[in-house]
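Biologist: Please take a close look at one part of this model for me. I would like the division into domains, and then what surrounds it.

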Amino acid sequence: MITVNFENTDKDLCVICDKPTITSKMTCSDNCHKKFVEFCEGQYGISKKVVDQTTGISYKVPTKDIIEKGLRWKDLTNYPRWEENEVA
Ligand SMILES: [Zn+2]
């Protein structure tokens, strides 16, 4: 069971273990980062359905990528399309 303290995000504390983070990241270490990714995958699923507003095309973006790289609109087309019959 992983608990995440989202209130820590504006205090430079790790959202997993409450230790101060060195950079402006949400977690203090690779281990905590891994736990955070697991938590988000459990919470939001392994992949997220992201719709390109300009084309209306839906893409399947790994939750991990959104956390680690952030989501940039120009990268959307690199991801596979979300099939219509797939459940989000
Ligand atoms: Zn930590």
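Modeller: The C-alpha centres of domain 1 and domain 2 lie 23 Å apart. The contact between them takes four residues from domain 1 and five residues from domain 2, where contact means C-beta atoms, placed from the backbone, within 7 Å. On the side of domain 1 that touches domain 2, three residues are nonpolar, none is polar and one is charged. Here Ala, Val, Leu, Ile, Met, Phe, Trp, Tyr, Cys and Pro count as nonpolar, Asp, Glu, Lys and Arg as charged, and the others, Gly among them, as polar. Domain 1 covers 1-44 and domain 2 covers 46-88; such bounds come from an automatic or database domain assignment.

This is a predicted model: local features need pLDDT of at least 70, side-chain atom pairs count only at pLDDT 80 or more, and totals for chains, interfaces and linings use all residues. Residues are numbered from 1 along each chain as its sequence is written.

Now the chain as a whole. Two helices and two strands are present, in the order α-β-β-α from the N terminus. Helices (H or I, at least four residues) and strands (E, at least two) are DSSP runs, numbered from the N terminus. The C-alpha atoms fill a box of roughly 40 × 25 × 20 Å along the principal axes. Of the 88 residues, 10% are buried. Buried means 20 or more other C-beta atoms within 10 Å of a residue's own, exposed means 12 or fewer, and partly exposed lies in between, with C-beta atoms placed from the backbone. Among contacts with a separation of 6 or more, 17% join residues 24 or more positions apart.

Next, helix α1, residues 30-44. Its 15 residues should span 21 Å at 1.5 Å a residue, and the end C-alpha atoms are 21 Å apart, so the two agree. The expected span is 1.5 Å times one less than the number of residues. Just after α1, Gly45 takes a positive phi of about 95°.

The largest nonpolar core has five residues: Cys14, Val15, Ile16, Cys28 and Cys32. Such a core is a set of buried Ala, Val, Leu, Ile, Met, Phe, Trp, Tyr and Cys residues joined through C-beta atoms within 7 Å. Beyond four places in sequence, Cys14 contacts Asn8, Lys19, Thr21, Thr27, Cys28 and Cys32.

Last, Val51 in strand β1, residues 47-51. Val51 counts as exposed because it has 12 C-beta neighbours inside 10 Å. Leaving out residues up to four places away, Val51 touches Gly56 and Ser58. Its C-alpha atom is 31 Å from that of Thr23, 28 residues apart along the chain.

Terms used
Two residues are in contact if their C-beta atoms, placed from the backbone, lie within 7 Å.
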